[in-house]
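Please consult the sequence and the structure shown here while reading.

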Amino acid sequence: MNMRISYISLALAALVSALPAQADNAKSVLDIKESITDSNIVYPESYEQDTQKLLERWYLKNYTATDERYKTQGDVNADDETIKKRLSQLNTVIELPYNQIVRSYIDRYVRKGRAQVAALLGLSHYYMPIFEQALEEQGLPLELKYLPVIESGLNPNAVSKHGATGLWQFMLATGKGLDLEVSSLVDERRDPYASSKKAAKYLKDLYSTYKDWSLAIAAYNCGPGTVNKALRRAGADASTHDFWAIYYYLPTETRGYVPMFIAANYVMNYYPYHNISPVLATKPLITDTIMVSERVHFNQISKVLDIPIDELRVLNPQFRADIIPGRPERMYTLVLPSQQIQAYIMSQDDILAYEAEKYAQRLEVEPGESPTAAETAEINSEAERELAQLGDDAPLEQAVVQEHAPVRRSGGGDGKGNKTVSHKVEPGETLASIAKKYSVSTQDIKTWNNLKRNSLRTGQMLRITTTSAIADASGSREVAPAKTSYSPKQQDWKSDAAKATASSKKNTKNTSEPAKKSKKKAEPATPKSHSVKSGENLTTIAKKYGTTVSELKKANGMEGDNLRPGQELKLPVKGKATSKRATKATAKGGKNTKAKSGATSKNGKKSRKKR
């Protein structure tokens with residue numbers, strides 16, 4: 001019995017002696033936020049942005065003057081106790097503990113990021129009042145206004161590699177979930193006012209969930225799901241944990257988020273102690289807002305109110321294409337310098353009327369009317385020439401002549417006294433020179449000929465409508481009405497032009513009898529060579545002389561199909577097959593056509609016509 005009492009006494013003594021050690025251990029767990037270290041610190045994208053571009057932004061360049069003290073005077077190094085004391089003296093609701101990780105982010109700001117801090121301080125004159133107003137409306141700690149400093153570097157157009165956008169860096173799904181409009185014309189994630197209100201509401205909801213600001217701030221960065229997973233992995237009662245207790249269970253990028261927030265609070269308040277001064281405001285930028293219920297372009301506002309368009313973009317970054325798509329049922333907020341608000345109200349009609357046709361949204365479009373007979377003939381003629389350039393073996397497709405709008409005449413008149421002529425493009429001519437020749441615009445020529453580009457090729461035929469006097473002076477031939485269409489077979493494609501040519505020759509013969517008689521006396525001999533003209537190719541030349549492309553190439557020792565203007569081509573010596581084609585071509589329309597087309601070969605069999 002006495003032995004048992006002795007053992008109990010010894011156990012109690014050991015327990016009592018262990019209490020201080022347990023108390024010390026408990027204290028070290030509670031103070032982990034100050035003793036924690038991390039050798040794998042990741043700096044965010046906002047730390048790496050181009051400070052020169054930030055300094056050159058329109059607001060800084062036009063409303064501020066840079067104080068370059070941060071260049072001429074170096075950082076004043078402060079020891080750990082000094083920084084810790086300064087943090088403790090900030091009047092904040094959110095706890096701002098100090099440790100090695102926080103110190104690393106502070107050093108990044110005050111040593112390597114001195115120019116960036118100067119720019120951030122200058123931008124804060126404009127943005128901080130907007131953030132404070134949004135936070136105040138939700139009853140949140142005002143020190144949260146420094147979150148956009150680490151999120152976006154106070155750049156409303158910032159876009160992360162993951163697609164997070166705006167001052168508060170909302171992902172697309174998060175932004176739409178908060179009822180922020182995101183479209184091709186409007187992205188309210190970039191709107192300082194709208195995004196700040198939604199960010200404040202979102203932060204309030206996160207704090208209601210975790211009851212701890214360090215966890216709420218972490219969840220803002222990586223999402224509640226990631227924080228909840230880290231809390232489960234940390235074990236024990238989740239209600240007793242904070243950011244520092246789950247630090248090593250969080251993704252690497254999120255681990256630095258709360259330390260960055262603490263560092264931003266420190267730097268934005270104690271920058272003078274590190275020889276950094278903000279860019280100085282040369283004139284105050286006081287803004288006001290107006291609701292816009294009409295579709296209006298920034299350029300209309302800029303020209304009428306004499307406001308630089310860059311200023312409109314800086315004050316209204318949410319409008320991605322310089323267009324405010326306002327309408328009565330959906331009005332948008334336009335931010336302007338306060339002195340311009342009254343001017344906008346008084347000049348609203350002038351703003352909407354300025355180049356209204358240029359900026360108007362097309363609500364209805366109609367297809368054009370059908371072309372005239374003359375225009376249709378020219379279209380078919382151009383298609384025939386293009387087909388000929390493809391060669392004899394080119395695949396043929398059936399084309400359909402569609403109905404188009406009537407050609408708009410230059411000058412917008414009723415077309416009386418005008419002529420539509422055909423102009424062949426000569427070497428060295430351009431759209432501009434041709435338009436000048438006929439006193440029309442280059443756009444007219446492109447419209448009349450369905451041209452998509454300004455380039456022309458030598459020999460190309462253009463349809464041009466101009467006054468009768470200019471048309472006659474130009475020497476271009478007038479386009480006569482003709483009824484033509486396309487056929488799926490090659491001979492049908494070419495038949496219309498052939499018929500027109502035959503008809504023209506027939507009319508000439510009927511009106512000139514002596515010429516007809518002279519033809520009977522002597523048929524023109526087939527020449528031995530041909531001088532290539534601009535726009536000609538092997539196919540058109542072979543067709544002209546009743547031969548084939550292969551025979552032409554063989555006669556001239558050619559391997560390719562390329563020709564140059566002025567080149568002399570030897571014509572094939574008349575053979576059995578060639579003779580019939582050449583004879584038919586030279587005697588076309590004569591009395592002996594029928595006899596020659598039916599010439600027979602040596603074996604007495606009639607040779608078949610190549611189609």
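## Burial and overall composition

A residue counts as buried when its relative accessible area is under 20%, as exposed when over 50%, and as partly exposed in between. The model under discussion is predicted. By this criterion, buried residues account for 41% of the 611 residues in the protein chain.

The secondary structure of the protein chain consists of 30 helices and 11 strands. Of the contacts between residues at least 6 apart in sequence, 71% connect residues at least 24 apart. The protein chain has an accessible surface of about 34900 Å², and carbon and sulfur atoms contribute 51% of that area.

## An antiparallel strand pair

Strand β8 spans residues 461–467, and six of its seven residues are buried, so the strand is largely enclosed by the rest of the structure. Its pairing with strand β7 (residues 418–424) is antiparallel and extends over seven bridges. Within this arrangement, Ser 422 has Arg 463 of β8 as its bridge partner.

## Salt bridges

Side chains of opposite charge can pair when their charged atoms come close. Across the whole structure, a search finds 13 salt bridges. Asp 322 is buried, because its relative accessibility is 13% and the cut-off for burial is under 20%. Arg 313, at 34% relative accessibility, is partly exposed.

Salt bridges with shared partners also join Asp 80, Arg 103, Asp 107 and Arg 111 into one network. Within it, Arg 111 forms a salt bridge with Asp 107, and the closest N and O atoms lie 3.8 Å apart. Both residues belong to helix α7 (residues 100–112); they are four residues apart, and therefore separated by about one helical turn. Arg 111 is partly exposed at a relative accessible area of 41%, whereas Asp 107 is buried at 17%.

## A link between distant parts of the chain

Which parts of the chain does the pair of Glu 181 and Arg 330 link? The side chains of Glu 181 and Arg 330 meet in a salt bridge at 2.8 Å, N to O. Glu 181 lies in the loop between α10 (172–177) and α11 (192–210), while Arg 330 lies in the loop between β5 (323–325) and β6 (332–337). The pair thus links distant parts of the chain, 149 residues apart. Glu 181 is partly exposed at 22% relative accessibility, and Arg 330 is partly exposed at 24%.

Definitions and conventions. Residues numbered from 1 in each chain as written. Predicted model: local features only at pLDDT ≥ 70, side-chain atom pairs only at ≥ 80, totals over all residues. Heavy atoms only, no water. Helix = DSSP H or I, 4+ residues; strand = E, 2+ residues; numbered from the N terminus. Buried < 20%, exposed > 50% of the residue type's maximum accessible area, 1.4 Å probe, protein only. Contact = heavy atoms within 4.5 Å. Areas by Shrake-Rupley, 256 points an atom, 1.4 Å probe, with all protein chains shown as cover. Pairing = 2+ DSSP bridges. Salt bridge = Lys/Arg side-chain N within 4 Å of Asp/Glu carboxyl O.
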